[in-house]
Structure formats: C-alpha cells, structure tokens
Amino acid sequence: MASSKPLVPCLALLILFFGFSSEARELLVGGRENSWKVPPSPDDLNKWSGEIRFLIGDTLVLKYDPKTDSVLQVTEEDYKICNMSNPIKSYNDGNTKIPLDRSGPFYFISGTEGNCKKGQKVVVTVLSPKHGHVRAHSPKASPAPAPSPVEGGNFPQALVPTAGGHGLPGGGGSVGVAVVMGSLVGLALVM
C-alpha cells in the first residue's frame with residue numbers, strides 16, 4: 001500500500017493552484033482604455049460583460065474624460081429606460097474603480113444626456129460564491145468538453161491558457177480541476 005507522504009506535496013500544489021486562482025482582479029470596462037463612451041454598436045459593452053466571469057472582490061475600472069462624462073449606477077428599471085435622475089451612486093473622476101462586493105447584477109449608464117440611449121450602458125452580473133469557485137478571466141459559456149487525446153502534435157484547446165494567462169478557456173473550472181487532480185493522483189501513484 002502506498003505511503004501518504006507523496007500526497008503532502010501534491011496537496012500543497014493543489015492549495016497553491018487554488019490560492020493563485022482566487023485573487024481579486026481589476027477589470028477595465030470594455031477591455032481597453034477609454035471604452036466608457038458611446039460604442040460603435042449599442043450592445044458592445046454588454047457583449048464584453050457577457051464574456052467575463054465577475055466575482056465578488058473584483059473591481060470594475062472605467063476610464064473616461066471627466067469633463068464630458070460620468071458613470072451612474074442605477075436600478076434595473078432606470079437602466080432599461082436610461083433614467084439618469086435617481087442614481088444609486090454617481091462617479092465623475094475619470095478613473096472610476098467600483099468594487100463588486102455582492103453577487104447579482106449591477107447596472108451602469110452614462111451620465112451624459114443621450115449617451116445611454118446610444119448604448120453607453122452595461123450590466124455586470126457577479127457570480128455567487130458557489131458558482132465562482134475557480135476564477136478565470138474567460139467566457140461564461142458552458143465549460144469546454146473534456147479534452148481529446150493530442151492530435152497532430154497540437155494541444156487540445158481546453159488546455160491552452162488564454163492570451164492573458166488568466167485561467168482556461170470556457171471558465172476552466174471543471175477542466176482545470178480535472179487536469180490538476182489527475183496529475184496529482186498520477187504523481188501520488190507513481191511515488
């Protein structure tokens with residue numbers, strides 16, 4: 001019967017893996033500088049937010065010209081009709097950082113008259129702790145299927161890190177845990 005000593009380094013690696021994957025992030029709205037403006041297409045900002053897994057502890061960053069614009073956090077109803085008259089919070093510093101401190105949706109619109117109706121608005125949905133157990137800067141789409149054997153010398157797409165090096169495509173949750181756990185179990189059995 002195998003000794004439990006080889007499991008100690010394996011468990012340490014697992015803890016290290018989950019420790020690094022749970023750091024809070026600052027996420028630039030729109031994915032680039034000066035994205036808080038009227039977008040080319042009215043749904044561009046929401047397409048961006050739909051591709052991100054927002055988790056409690058993350059921070060939204062909005063960069064804009066404070067002389068010409070601002071950010072208003074509003075209710076769902078005010079978001080739908082672009083009502084700027086009763087914001088929950090108002091920001092006008094040009095480098096707004098908004099901590100996401102709870103799960104659920106956050107609604108933001110431009111504080112400049114007419115911009116919201118042109119698409120300068122975004123909904124950010126923060127996952128609950130039970131749904132956001134592995135952080136990944138990746139699409140919220142369903143997890144990638146289990147990787148197939150390596151074909152033609154290429155790694156299966158599910159195992160290739162994203163360009164930013166933050167997690168795995170498709171959320172990486174199930175696939176990432178399966179890969180790490182399989183490696184650790186295999187390592188423990190060899191020792």
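C82 and C116 are joined by a disulfide, a pair of cysteine sulfur atoms within 2.5 Å, with an S to S distance of 2.1 Å. This is a predicted model, in which local features need pLDDT of at least 70, side-chain atom pairs count only at pLDDT 80 or more, and totals for chains, interfaces and linings use all residues. Residues are numbered from 1 along each chain as its sequence is written, and side-chain values use heavy atoms, with hydrogens and water left out.

The structure holds one disulfide. The torsion about its S-S bond is about -70 degrees, so the disulfide of C82 and C116 is left-handed. C82 is buried at 14% relative accessible area, and C116 is buried at 3%. Buried means under 20% relative accessible area, exposed over 50%, and partly exposed in between (1.4 Å probe, protein chains only).

The structure also holds three aromatic pairs. Rings of Phe, Tyr and Trp (its six-membered ring) pair if their centres lie within 6.5 Å; planes under 30 degrees apart count as stacked, over 60 as edge-to-face and the rest as tilted. Two of the pairs are given below.

| Pair | Centre to centre | Angle between planes | Type |
|---|---|---|---|
| W48 and F54 | 5.7 Å | 70 degrees | edge-to-face |
| F106 and F108 | 6.4 Å | 5 degrees | stacked |

W48 and F54 are both buried. F106 is buried at 3% relative accessibility, and F108 is buried at 0%.

The charged end of R102 sits over the ring of F106, 4.0 Å from its centre; this requires NZ of Lys or CZ of Arg within 6 Å of the ring centre and within 35 degrees of the ring normal. K121 lies over the face of Y79, 4.6 Å from the ring centre.
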